[in-house]
Amino acid sequence: MIANRFRAYHKIKYYGRLLPLLSRKYSHIVAAFDKPNPSLVTHEAVGLLGVRKLQRPSDFEKWQKQSLQECDRTTNPIARYFQHLSDLYPSRIIQNILTEPASARTVDLIDQLSNEICLLADLANFVRLTHPSNGFIKAAESACMTMLSLVSSLNTHVGMYQVLKQVLDDESIVNTMNDDSKIVARLLLNDFERNGIHLDEDNREKKVKLDMEIVSLCDRFIAQCQEPTWISIDQCPKHLVGSFRSASSYLHVGYTYHDSPQEDLREFAFRAYYSFNNKQHKTLTDLLEVRQTMAQLSGFQSYAHHSLLDTMVETPENALNFLKKAASAIKDRVEKELEDMLRLKRIERGQGTNIKPWDLNYYSLAFNKDRLQSDNASISEYFSVGTCIEGLSTLFQKIYNVRLVPMPCGRNELWDDKVIKLGVLDENDDTIGFLYCDLYARHQKYAVSDSHHSISGGKLLEDGTYQLPVVVLSCNFPPPSASIPCLLNYATVSNLFHEMGHAMHSMLGRTKYQHVTGTRCAMDFAEVPSVLMERFASDHRVLKATGRHYQTGMPLSDDAIEEYIAKHKTFTALELQHHLNIALIDLTLHCQSSLDGNAGNIVNKILEEYSAIPYIKDAASYLRIGHLGHYGAKYYSYIWSRAIASLIWTECFSQDPFSRIGGENYRRKVLAHGGGKSPKLMIEGHKVSGPSRAY
């Protein structure tokens with residue numbers, strides 16, 4: 001077996017030596033990413049992301065004034081508090097909701113109102129995170145805050161709530177509604193009630209203020225998670241000082257030393273980077289307390305209870321029970337993996353009684369290097385961005401009968417010259433959506449994680465046409481050079497497939513209402529399609545069909561692929577335990593009625609009980625968990641979704657990842673519905689009983 005792997009390794013190198021003799025013929029889609037052509041950009045001024053009214057930063061304000069007309073303040077008392085919003089209410093739609101007889105059309109009108117707001121708010125949110133122009137960023141930030149204020153106040157609009165409740169309380173009206181309308185109506189009613197519609201006017205105003213404060217604190221916490229630690233040179237051992245960038249008498253310590261072979265450097269960097277930070281602790285404490293205040297004001301026991309309404313898991317108690325069962329189920333696997341890692345540490349150092357937090361990454365890499373022969377850099381040459389996008393298009397064509405096609409762009413449509421626009425075409429070559437691929441890191445681009453942004457959701461319009469979904473995939477891959485395209489490793493290939501899973505959820509959903517289109521569903525189900533795509537990214541049959549050398553077009557050998565996968569499937573139980581610990585910390589912190597500055601003690605108790613790696617008492621790694629901001633009380637969703645995705649994979653794709661029958665079954669029963677059908681019913685349609693079976 002060692003000999004076979006050795007031959008596979010040299011076969012990869014051999015293809016490289018054939019480069020003068022072989023020349024790859026690029027397909028249109030590979031060329032679009034690996035050999036971009038400026039001719040794909042036309043001279044027609046279509047506006048940012050195809051929105052003609054958005055040519056320059058000042059157009060954000062014009063869009064608000066044109067789209068959202070003067071509001072009659074008598075329709076909403078909260079508008080008197082938000083004086084700056086008084087001319088921004090979409091009064092025509094609101095007046096129709098309030099004056100027309102309560103009927104099934106009421107739901108259509110509220111969704112129309114939501115769509116009008118989301119078209120601007122979602123685009124502005126994306127622009128503020130990724131656009132390279134400060135002018136656009138500032139204009140988008142202003143629009144975001146304005147729209148957030150508007151949404152918060154509309155969520156406490158008594159008149160609209162009363163009309164919607166009248167619809168659902170009238171059995172004769174409900175009997176005229178289809179299932180989609182009933183589900184959306186009840187979701188909208190729950191949104192009103194979760195946002196404190198029952199409160200008096202003063203408390204509704206307070207609720208809106210708290211919503212605004214939460215957003216501000218959340219943004220601040222996430223930004224501070226990425227900041228380096230500055231530590232006095234006097235606190236660093238002299239022999240390590242040269243390992244860090246310095247300024248004046250301080251050292252700059254970031255998260256870049258976890259794979260160093262020098263143990264004392266790894267330990268010092270870990271302790272410094274994760275040291276307690278008063279500013280970040282205050283930000284997190286304030287965020288948790290404001291969330292708790294908002295939830296209790298709205299009538300919920302805790303922010304976790306507020307946040308988990310309308311999710312599959314239903315309550316924090318159920319979520320905690322699921323996480324604890326999962327932690328127990330993997331305990332033996334974790335201990336076995338720690339034994340393997342400790343054995344390697346003893347071989348290298350001649351001693352060692354346990355694995356420390358700063359050992360994990362280093363010995364994981366060392367274990368693979370010792371066990372396997374292949375060269376990661378060489379294999380990455382077979383997974384250029386263009387090659388991977390082509391592989392995804394081929395996969396989608398086989399399982400969903402849709403494909404990805406590079407599309408020309410108009411002037412001002414793109415925000416960076418490396419962004420590529422794709423059309424998603426069905427079997428009749430009709431466009432069913434648009435996908436903008438913003439895949440490379442750059443200055444001022446939000447770099448916390450790769451992400452999927454829904455710019456506009458699919459929706460049936462009043463004139464009978466369908467509003468096509470528009471999505472942006474935003475990643476932070478290394479930019480290509482003039483001669484070499486961006487080459488992806490195992491982790492970045494998996495990330496690309498993950499985000500494309502979100503995109504296809506949006507593209508293949510065909511719901512009447514944008515409120516439930518694509519990923520606009522229960523959070524603990526929204527990650528299922530993306531996590532399922534990770535299974536494709538780690539399947540040897542998919543990787544074999546995808547991988548091609550970026551210069552020669554030659555494929556990888558079976559042995560090289562199997563080794564490539566095996567190399568990245570080590571210590572999976574330890575990785576899962578890490579995510580379980582984060583989920584337990586997240587959920588437990590958001591269940592507290594009062595913290596009293598006790599977050600660190602709560603975290604330490606969780607790690608002491610559930611982590612096989614000894615926790616460091618004077619470290620505060622929880623202050624670096626950005627997901628406490630993004631996914632407050634919902635980080636469990638990743639693990640929950642992974643369990644469901646595993647069951648769907650087994651039923652639909654494990655025998656054949658290119659199965660049209662499996663793909664059509666999954667598309668029809670799951671993707672097509674977005675959030676317009678109960679996730680539990682969709683799972684029952686796949687003959688699985690729930691996440692607990694996956695462990």
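Strand S7 (residues 420–425) and strand S8 (residues 431–440) of this predicted model are paired in the antiparallel sense over six bridges, where pairing requires at least two DSSP bridges between two strands and strands are DSSP runs (E, at least two residues) numbered from the N terminus, as are helices (H or I, at least four). Residues are numbered from 1 along each chain as its sequence is written. Local features need pLDDT of at least 70, side-chain atom pairs count only at pLDDT 80 or more, and totals for chains, interfaces and linings use all residues, while side-chain values use heavy atoms, with hydrogens and water left out.

Within this pair, Gly423 stands opposite Phe434 in S8. The two strands form a hairpin with five residues between them, and Asp429 in the turn has a positive phi of about 65 degrees. S8 is mostly covered, eight of its 10 residues being buried (under 20% relative accessible area, 1.4 Å probe, protein chains only). On S12 (residues 470–477), which runs parallel to S8 and is joined to it by six bridges, Ser474 is the bridge partner of Asp438.

These strands belong to an open sheet of five with the order S5-S7-S8-S12-S9 and mixed pairing. Strand S5 (403–406) and strand S9 (451–456) stand at the edges, each with a single partner strand, so one side of each lacks a neighbour in the sheet. S9 pairs with S12 in the antiparallel sense over five bridges, and Ser454 stands opposite Val471 in S12.

Key:
Buried < 20%, exposed > 50% of the residue type's maximum accessible area, 1.4 Å probe, protein only.
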